[in-house]
Amino acid sequence: MPLQINEIFNASAVLKDVARKTTVIPAPKINPEADIFLKTENLQLTGSFKLRGAYYKISQLSDEEKARGVIACSAGNHAQGVALGATHNGIKALICLPAGAPISKVEATKGYGADVCLVPGVYDDAYAKAMELQKEHGYTFVHPFDDPLVIAGQGTIGLEILEQMPDAEAVIVPIGGGGLIAGVAFAIKTLRPEIKVYGVQSAGAPSMFQSVKEGHRVHLDRVQTIADGIAVKEPGELTFELINQYVDEIVTVTDEETAAAILALLEQQKLVAEGAGAVAVAAAMFNKLPIKGKKVVCLVSGGNVDVTTLSRIVNRGLTKSGRKYSFIIDLDDKPGQLSGVCNVVADQGGNIQSVTHERVNTAAEINGCTVRVEMDTRDQAHIDSIRQALLASGFKVTN
């Protein structure tokens, strides 16, 4: 049976006392040419939207299915949503996780009351193990995206956006397997078909982007992205159909653009977003979509970024936005040369963080040396002025 709008309204009623009705907040600096707002699902219980679909699916199981328990596989957010949903409904949950999943996500899943089975390998290995255990014990499998009840649960976000931002002209949504955007787009287009719904994938995991482009579901051999929450090799069958029907356009963003969006959310909005949660903001920041002059809602879908990787992501964001810069310079090996470089940088307002001085370099002149300088800068124009000042002072900048 195809998805019905009544199912999404029913999901909204079921989730009323479970899921937070997350706020929509203005973000004027993200893209000054558009009127940007953020739907803050990173502040949802469990740290992502996944709670909605998982909880609604579990709530609709029969008493017999509940008695047998549920099983799921996930690298993080879906696992936590299923764990909390099962615990609230008083049923057993077993989550298969890749053995390499971040410790924080494994412990969070356990903390919400689920049993965890760590499976050697990657997500696909965890999925295979979950299917094996599901057949063996009769558990109900809660799919992370390709299930009409899960999609209906995610679609409640669309209803909230329409209520909170009735004058919205476009909504930008992250895409992994497609469950989130399928539900949001179905809800919005059914009730307000004039509103544009755009999807965003990581350039390193463009399975839905390629599938829509080629007219059939594509299976990627490899995915590589900091947005691990949307690193899906093959989109769902049902989600692919719904996206083809209801989504206006899909674009991709690079990891550097995603990192810059995470940094902007941290600095400007005091919001922590994971890679998957920031791709909609990245698409707005870097003008990937026709949103100039429009009132736009970007869905920040999750905030479960592992703190051990956050600093690396922030550094990439600083580099992408022109806030961090390093250059290599060839110098004569004699007193005062390095001091001259530092004086030029200081005069231009650069803040040097580190200097690496190397005499033994086969590429340098016999009486020369190379110096690598890392500094904090304001933006790309500031970097250009520092480079020009160094060149004007006779220094040889080699990168």
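**Legends to the views of a predicted model**

**View 1. Surface and overall extent of the protein.** The protein exposes about 17,300 Å², of which carbon and sulfur atoms supply 50%; accessible areas come from the Shrake-Rupley method with a 1.4 Å probe, and for residues only the protein chains shown count as cover. This is a predicted model, in which local features need pLDDT of at least 70 and side-chain atom pairs count only at pLDDT 80 or more, whereas totals for chains, interfaces and linings use all residues. Residues are numbered from 1 along each chain as its sequence is written, and side-chain values use heavy atoms, with hydrogens and water left out. Along its principal axes, the C-alpha trace spans about 85 × 50 × 40 Å.

**View 2. Burial and contacts within the chain.** Of the 399 residues in the protein, 54% are buried (under 20% relative accessible area, with exposed meaning over 50% and partly exposed in between, for a 1.4 Å probe and protein chains only). Among contacts (heavy atoms within 4.5 Å) with a separation of 6 or more, 72% are accounted for by residues 24 or more positions apart.

View 3. The structure holds zero disulfides, a disulfide being counted as a pair of cysteine sulfur atoms within 2.5 Å. For cysteine 342, the closest cysteine sulfur is that of cysteine 369, at 12 Å, which is too far for a bond. Cysteine 342 counts as partly exposed, because its relative accessibility is 28%, whereas cysteine 298 is buried, with a relative accessible area of 0%.
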